[in-house]
Amino acid sequence: MALFGQPQLDRSEGSDELKLCRCDRNDMDLSISTTLEGKMLLLLISGLDISSNEILLLRDTYIESKTSVQQDYEVVWVPVLSGQWTTSSEEKYTKLLRMMSWHMVEHPKIISEKTKTFIRQVWKFKRRPIVVVIDKNGDVVFPNVIHMIYIWGSKAFPFTPLRERTLWNSAEARLDSLVFDFDPNLSRMLEDGKWVILYGGNNVEWSRKLTTQMRKVLSDACILVEMIYVGENRELEPQSYSLDLRKVFYFWTRLESILISRYQSFSAGDSGTDPILGEVKKLLSYKSVETWACLKTPSSDSMVHGLGDVMLQGFMKSEMQERDVQTNEFAKEFQNHIEQLTRGSSSGPACHRIVLHTDDRDAVESLKCPAILRSFHGEKD
């Protein structure tokens, strides 16, 4: 009531209490006092431009928390709009409601301009969705945990800064796990003894050459490999396991979330001393290049990645003997080989732009290029 004020919609006599509606069953009015009493509250604040992929990622966490673990919290969608409410607005709003499994405050039109100003100025909402955490006493615990949810899912509960730091200090916080666990099938491939190579870019001809050559080299060494394309060019259909665009979106969003979370969890700035930040920035920079690849072997916790031509040269020139490649030492030696090829290439290490889909200026104000030791401003869409 303090946040949203008195209801502004017309009501029948005797019905002046602010109520909630279930997004997927908007014919149900639920009293706020009885629905949220004694529970943690997550406010999902967005415009009507929130994407279906963003909703589905959040919905997966919400459903998991309700079915697999005992987590006493509720989610309320708060649509914050600028300008007039139109027929087009109503259509977008209705479509989004069908995708959500949680609550919302009756209708966007009850949210006053004063409340919208508060949300924008105090909680720093601009355009990208945020999730504000409010505890059982009504205190704001975290002004935005959406990045934490994208990384850890239901494990992020109870969504506090302490929980975020605890997760980063846990054994699960290895970057290779965070990068490859976005799809359980990839983890199973590694458990089955397969090598997994993620690759991307938009150069159709080169990417096909890359996958063909890599498969031949590894096949000659009797190595089982899965090539996974994590790009958006549908002409580049992978030759084995296929990812849908939702999983591709999740891959890049999770990488970006790792970067944001490391900054807000450790307040380390961009000193270059955080190895996870360095690796994540390199991976994020690949999104704008023509070809790249990232290798994960079952015998090593580390990853080897680089631009497509360098990775291909590395595979072609390495001694891919079956007795050698199944050990942890191979990944280290191959990494050194890739670094030498990168330094020795005619163009040298290239500087690539990083486009972050975030309004968090603290995370992008002064990023350093992961390939060249100079500062640049991270671009935002």
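This is a predicted model: local features need pLDDT of at least 70, side-chain atom pairs count only at pLDDT 80 or more; totals for chains, interfaces and linings use all residues.
A cavity here is a set of points, on a 1 Å grid over the protein atoms alone, where a 1.4 Å probe fits but cannot get out. Grid points are joined across faces, edges and corners, and the volume is the space filled by probe spheres set on the points. On that basis, the largest cavity holds about 100 Å³.

Which residues line the largest cavity? They are L42, L44, L58, T61, Y62, Y73, V75, W102, V131 and I149, where a lining residue has an atom within 4 Å of a point. Two or more residues each come from β3 (40-46), α2 (52-67) and β4 (73-79), with α2 giving the most, three residues. Helices (H or I, at least four residues) and strands (E, at least two) are DSSP runs, numbered from the N terminus. By class, the lining has nine nonpolar residues, one polar and no charged ones; Ala, Val, Leu, Ile, Met, Phe, Trp, Tyr, Cys and Pro count as nonpolar, Asp, Glu, Lys and Arg as charged, and the others, Gly among them, as polar.

The structure holds eleven salt bridges (a side-chain nitrogen of Lys or Arg within 4 Å of a carboxyl oxygen of Asp or Glu). The loop between α4 and β6 holds K124 as well, which has a positive phi of about 60° although it is not a glycine. Another backbone detail is the cis peptide bond between F157 and P158, with omega about 10°; P158 lies in the loop between α5 (146-152) and α6 (161-168).

Now for a sheet. Four strands run in the order β9-β8-β10-β11 as an open sheet with mixed pairing, where two strands pair if DSSP finds at least two bridges between them. At the edges are β9 (225-229) and β11 (303-307), each pairing on one side only. Strand β10 (residues 292-296) pairs with β11 in the antiparallel sense over five bridges, and W292 stands opposite L307 in β11. Helix α12 (residues 308-317) packs on the sheet, touching β8 (195-200), β10 and β11 (contact means heavy atoms within 4.5 Å). The direction of α12 makes about 125° with that of β11; axes are lines fitted to C-alpha atoms, for helices over the stretch in contact, and angles run from 0 to 180 degrees between N-to-C directions.

Residues are numbered from 1 along each chain as its sequence is written, and side-chain values use heavy atoms, with hydrogens and water left out. Local features need pLDDT of at least 70 and side-chain atom pairs count only at pLDDT 80 or more, while totals for chains, interfaces and linings use all residues.

Conventions:
On a 1 Å grid over the protein atoms alone, a cavity is a set of points where a 1.4 Å probe fits but cannot get out, and a pocket is an open set with protein on both sides within 12 Å along at least five of seven lines; lining residues have an atom within 4 Å of a point.
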